[in-house]
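Here is a friendly tour of the charged side-chain pairs in one protein model. Have the structure open as you read.

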Amino acid sequence: MDELINGQGCTNDKECCSTSSHGRTSHHSEAVKKNLTTRLNRIEGQIRGIKGLIEKDTYCDDVITQIAATQSAMNSVAKILLEGHLKNCVVERLNDGDTAVIDEVLVTIQKLMKK
């Protein structure tokens, strides 16, 4: 997994983050996209499983355990994205003199830490 998140997700720095008419975009390698998609598909299945557990009146503690596992999986996806963002997009913007990116990252980290 480290090879997918150690800054090698983009073929070069200029491809990682760019601005389009729709706002900023990020370009991940096919390997990173596949990794994230696989993880998100698994999470989607976990969510459907939790719904099924609730519909079957499964013991609350068992449902909560599955919810915790799903939250952990979502955090893993966020960590992969955040690491790539810091190593590529943020560095690129700082190199371009855009120090406002620091405040943006701090807000993003605050959002991730809310629970």
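This is a predicted model: local features need pLDDT of at least 70, side-chain atom pairs count only at pLDDT 80 or more; totals for chains, interfaces and linings use all residues.

Residues are numbered from 1 along each chain as its sequence is written, and side-chain values use heavy atoms, with hydrogens and water left out.

A salt bridge here is a side-chain nitrogen of Lys or Arg within 4 Å of a carboxyl oxygen of Asp or Glu. The count comes to five salt bridges.

**Pairs within helix α3**

- Helices are DSSP runs of H or I with at least four residues, numbered from the N terminus.
- E30 and K33 form a salt bridge, with their closest N and O atoms 3.7 Å apart.
- Both belong to helix α3 (residues 30–55), where three residues put E30 and K33 about one helical turn apart.
- R48 and E44 are four residues apart in helix α3, or about one helical turn.
- R48 is exposed at 54%, whereas E44 is partly exposed at 44%.

**A link between helices**

- E104 and R93 meet in a salt bridge at 3.1 Å, N to O.
- E104 lies in helix α5 (residues 100–113) and R93 in helix α4 (residues 60–95), so this pair ties together parts eleven residues apart in sequence.
- R93 is buried (under 20%), at 12%, while E104 is partly exposed at 29%.
- Salt bridges with shared partners join R93, D98 and E104 into one network.

Note on methods:
Helices (H or I, at least four residues) and strands (E, at least two) are DSSP runs, numbered from the N terminus. Buried means under 20% relative accessible area, exposed over 50%, partly exposed in between (1.4 Å probe, protein chains only).
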